[in-house]
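Please examine the sequence and the coordinates before reading each solution.

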Amino acid sequence: MRNNRRNFIKNIGGSMALLAVGNAVSASGITNTSTASTLHSKIKVAANDKIRIGLIGSGIIGHFDTNTALKVPGVELVAVCDLYKGRLEGAKETWGNQIFTTQDYRELLARKDVDAVLICTPDHWHQRIAIDSMRAGKHVYCEKPMVQKIEQGWGVINAQKETGKVFQVGSQMASSVGILEAKRLLAAGAIGELTMVESYCDRSDARGAWNYSIPTDASPETIDFDTFLGTAPKVPFEAKHFFRWRNYGAYGTGAAGDLIVHLLTGIHTVTGAVGPEKIMSIADLKLWKDGRDSFDIINAVMNYKTTEKHAAFHVVTRVNLTDGEGKGPFGIKLIGTEGVIESFGNGLVVKTLKRRAVPGYGGYDSFDSFSNKQKEEFKK
Ligand SMILES: NC(=O)c1ccc[n+]([C@@H]2O[C@H](COP(=O)([O-])OP(=O)(O)OC[C@H]3O[C@@H](n4cnc5c(N)ncnc54)[C@H](O)[C@@H]3O)[C@@H](O)[C@H]2O)c1
């Protein structure tokens, strides 16, 4: 079925957000803001029905993920693994002294009381720990990017098939309320046929450019730096590598794997696409010349071919860690033949365009250059 506004009106469902947007389609150019809310678990949990989790990588996102998981009834944190002793101390301070802590993730995986793990380490450790976790009988929530190098993906896929464990990649736009609402609106024809997507991640400050705080006690005594290196090239202890690993290709995936991954997850969730057919991109290091080998600006154009799920569309995307506008951080604009949906995290704005049935004349047009006689004729 072609996407158009008539189908959209037929398809309007009962949700508040859809009704709010439904008002917009009667007039041209009206903007509607759709309010999104958090998805709450509908699972009923019996008092003795617990899921016990272990956190591997107790850094920035490890804290967000664990605290979110602990909001789900029945979830209990039993163990934390990290290579920096200060984060193990911090974990006990945050989640209680009863937590088992270790610098060796294999000790956490050996515990019978851990049902599932959150893998929140730098990218170059995802594959190894994900495979080991599933083989140790644990279900896995692994932060994006699933793997550091594309060819590592098969190892994880095969381990999942072999063990039958649940494996979820933590790329939250796959389950963001705003993105799921955008998907419903697009499928319902709110903006006609999707022809292109503009998406961005713009950041202005040092932390946005991955220069995170380094604790004053960072040293080979407090950090297991050799294990951190893993399969990466051996280098002497360097706190910047450990705490700002995204700046180095040996550990991270750069702007594309770290940030564009979010935008593409959003676009793929909305459209049902599985990936572009062609990508053209340029990247550079313009501002953060602090010894890093990753880029701080990247622009890419992608072509998505027609599939059963969607008509062909273009994607223009960027990461700009040198941004002087300071608006950041993420945005996705779905541009259709009859309107646009702009999605920012959990909210979205829909604008619709009413095309005239007849072409009309005047404005920037050839009409004004006609003779007066022709103008009169034309108007008839
Ligand atoms: N979904 C999102 O929005 C989102 C946001 C931020 C980060 N992430 C992803 O989460 C991961 C972690 O990012 P972060 O910002 O929390 O990094 P971070 O540096 O703050 O934390 C990583 C932690 O992993 C630990 N670690 C490293 N190697 C380990 C190993 N072999 N065993 C045990 N612990 C180990 C380090 O000690 C560190 O404390 C990255 O893959 C990143 O791409 C996802």
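**Exercise 1.** In what order do the strands of the open sheet of 6 strands stand, and in which sense do they pair?

*Solution.* The model is predicted, so local features need pLDDT of at least 70 and side-chain atom pairs count only at pLDDT 80 or more, whereas totals for chains, interfaces and linings use all residues. Residues are numbered from 1 along each chain as its sequence is written.

Step 1. The order is 4-3-2-5-6-7, with parallel pairing. Strands (E, at least two residues) and helices (H or I, at least four) are DSSP runs numbered from the N terminus, and two strands pair if DSSP finds at least two bridges between them.

Step 2. Strand 4 (100-102) and strand 7 (167-170) are the edges; each has a single partner strand, so one side of each lacks a neighbour in the sheet.

Step 3. On average, neighbouring strands of this sheet are turned by 20° against each other, direction ignored.

Step 4. Within the sheet, strand 5 (residues 116-119) pairs with strand 6 (residues 139-143) in the parallel sense over 4 bridges. Leu 118 has Tyr 141 in strand 6 as its bridge partner.

**Exercise 2.** Determine how helix 6 and helix 7 are oriented to each other.

*Solution.* Step 1. Two packed helices are described by the angle between their axes and the distance between the axes.

Step 1. The axes of helix 6 (residues 126-135) and helix 7 (residues 153-163) come within 9 Å and cross at roughly 5°. Axes are lines fitted to C-alpha atoms, for helices over the stretch in contact, with angles from 0 to 180 degrees between N-to-C directions.

Step 2. Helix 6 and helix 7 are therefore roughly parallel, the term for angles under 35 degrees.

Step 3. From helix 6, Gln 127, Ala 130, Ile 131, Met 134 and Arg 135 meet Gly 155, Val 156, Ala 159, Gln 160 and Thr 163 of helix 7; contact requires C-beta atoms, placed from the backbone, within 7 Å.

**Exercise 3.** Is Gly 324 buried or exposed?

*Solution.* Step 1. Gly 324 belongs to the loop between strand 11 (313-320) and strand 12 (330-336).

Step 1. Gly 324 counts as exposed because it has 8 C-beta neighbours inside 10 Å; the class exposed holds residues with 12 or fewer other C-beta atoms within 10 Å of their own, C-beta atoms being placed from the backbone.

Step 2. The C-alpha atoms of Gly 324 and Asp 205 are separated by 9.3 Å, although the two residues are 119 residues apart along the chain.

Notes. Angles under 35 degrees count as roughly parallel, over 145 as roughly antiparallel, 65 to 115 as roughly perpendicular and the rest as oblique. Two residues are in contact if their C-beta atoms, placed from the backbone, lie within 7 Å. A residue is buried if 20 or more other C-beta atoms lie within 10 Å of its own, exposed if 12 or fewer, and partly exposed in between; C-beta atoms are placed from the backbone.
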